[in-house]
Structure formats: C-alpha cells, structure tokens
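User: Hi, I've got a protein model to look at for class. Could you walk me through it?

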Amino acid sequence: MSVNTIKSSILTLFREPQGSVYKIPKYQRAYSWTSEEVEEFCDDLNELASNEKDTYFFGAMLYIENGNVKEIVDGQQRMTTFTLLISQLYNLCESIIREIDRQDQNDKQIRKYKKIKDKLKYDKGDLANCFKNNDTYKLELSKVDRECGSAPPPLAPSIQISTNF
C-alpha cells in the first residue's frame, strides 16, 4: 500500500466531481463537537476573512479512496462542521431569494436587492454542488450519527449535529 499526500483546499474537496462521496465509517466516533469547538472553528474562519489571507491550515484530512468513495480516517469532525456551514449558507441564500420575491416590486430598496438575486441563485447552486450529488449528499455519516436524532437536511444527525446546525 502506498500513501500519497496532496495539498488541497477544503473547497477543492467539496467541489469533487458529481458522484464523489465522503463516507464516515462505522468505526469512527460520533460527531462530538460542542458549541465551544464550533465557535473556535468560526473564529478561525473570521480570522481568515479579516486578515485577507489566501490560505489557512484547518488541519489534515486522511481518507482511503475506493473509486468515488473516500472513507474518512481523520478529519471527520471538521468535514462534518464544514458541511453544516455550507448547508446553512445554502439555506440562507434560499431564504433571502424567497424574501426578495415576496416584497413589493415598487419598493426602491427591493429593486436594488433584485439586482443581486441572480448572483445569489448562482452562489446557491455552487453551494448545493459542494454538499450534494443530485439527490444524495456528499458526506455520508456514520450509522450512529444517522440514527441519533432528526434535524434539517443535509444530515440526519446526532444530538451534536442538531445542536450545531
């Protein structure tokens, strides 16, 4: 067996071709990040955005590749948290678009927002491609996380996923 290392961005991982799936195997622990870890994660994202850096090291991710399926060996907590973030951004874009559509077309402020609606629709589509393969999701949770609760898509989550979603 050989081990290859590649330097990649999280966006590259999420923009894998359609059909690619990241699978969390049954031997992995359940998603366990608390709000404290998620806050630290968000602080790191804010630092990245505010410092206008091109790159930021969020940690390594190890996986075993078998065709289109990549079984995550390390990095499951970060990958799940990124998936939650991307799906929430998608939901936010969807909500903003719906709200713009509901507003009075004569309102000057709304006409201004209508101009960005197409951009939001494009971004929403890009976000959807990052966490979905048509009708399935790119991240397949472990059985423990799938069976321990019910929160909004894209994940059938454990208690911690529900809390952080």
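This is a predicted model: local features need pLDDT of at least 70, side-chain atom pairs count only at pLDDT 80 or more; totals for chains, interfaces and linings use all residues.

User: OK. How many helices and strands does the protein chain have?
Analyst: Six helices and six strands. From the N terminus on, the order is α-β-α-β-β-α-α-β-β-β-α-α. Both kinds of element are DSSP runs numbered from the N terminus: helices are H or I with at least four residues, strands are E with at least two.

User: What's the order of strands in the open sheet?
Analyst: The four strands go S2-S3-S1-S6, with mixed pairing. Two strands pair if DSSP finds at least two bridges between them. Strand S2 (62–66) and strand S6 (139–140) are at the edges with a single partner strand each, so one side of each has no neighbour in the sheet.

User: Which strands run antiparallel?
Analyst: S2 and S3 do, and five bridges join them.

User: You mentioned lysine 70. What does lysine 70 form a salt bridge with?
Analyst: With glutamate 65, and the closest N and O atoms are 3.8 Å apart. A salt bridge here is a side-chain nitrogen of Lys or Arg within 4 Å of a carboxyl oxygen of Asp or Glu.

User: Why would side chains pair like that?
Analyst: Side chains of opposite charge can pair when their charged atoms come close.

User: Is lysine 70 buried or exposed?
Analyst: Buried, with a relative accessible area of 4%, whereas glutamate 65 counts as exposed at 51%. The cut-offs are under 20% relative accessible area for buried, over 50% for exposed, and partly exposed in between (1.4 Å probe, protein chains only). Of the 165 residues in the protein chain, 31% are buried.

User: How many salt bridges does the count come to?
Analyst: Two. Besides the lysine 70 pair, glutamate 94 and arginine 98 meet through their side chains at 3.8 Å, N to O. Glutamate 94 is partly exposed at 25%, and so is arginine 98 at 42%.

User: What else is in helix H3? Where does glutamine 76 lie?
Analyst: Glutamine 76 lies in helix H3, which covers residues 76–102. Glutamine 76 is buried at 4%. Leaving out residues up to four places away in sequence, glutamine 76 touches Ile24, Gln28, Arg29, Ala30, Tyr31 and Asp145. Serine 87 is in helix H3 as well and is buried, at 1%.

User: New topic: where does serine 142 lie?
Analyst: In the loop between S6 and helix H5 (143–147), and serine 142 is buried at 2%. Neighbours within four places in sequence aside, serine 142 is in contact with Ile24 and Pro25. Serine 142 and arginine 29 are 113 residues apart along the chain, but their C-alpha atoms are separated by 8.2 Å.

User: Last one: which residues form a nonpolar patch on the surface?
Analyst: Tyr27, Leu62, Ile64 and Val73, with about 390 Å² of accessible area together. Patch residues have over 30% relative accessible area and no salt bridge, with like charges joined within 9 Å and nonpolar side chains (Val, Leu, Ile, Met, Phe, Trp, Tyr) within 5 Å. Areas come from the Shrake-Rupley method with a 1.4 Å probe, and for residues only the protein chains shown count as cover. Leucine 62 belongs to strand S2 and is partly exposed at 47%.

How values were computed. Residues are numbered from 1 along each chain as its sequence is written. Side-chain values use heavy atoms; hydrogens and water are left out. Contact means heavy atoms within 4.5 Å.
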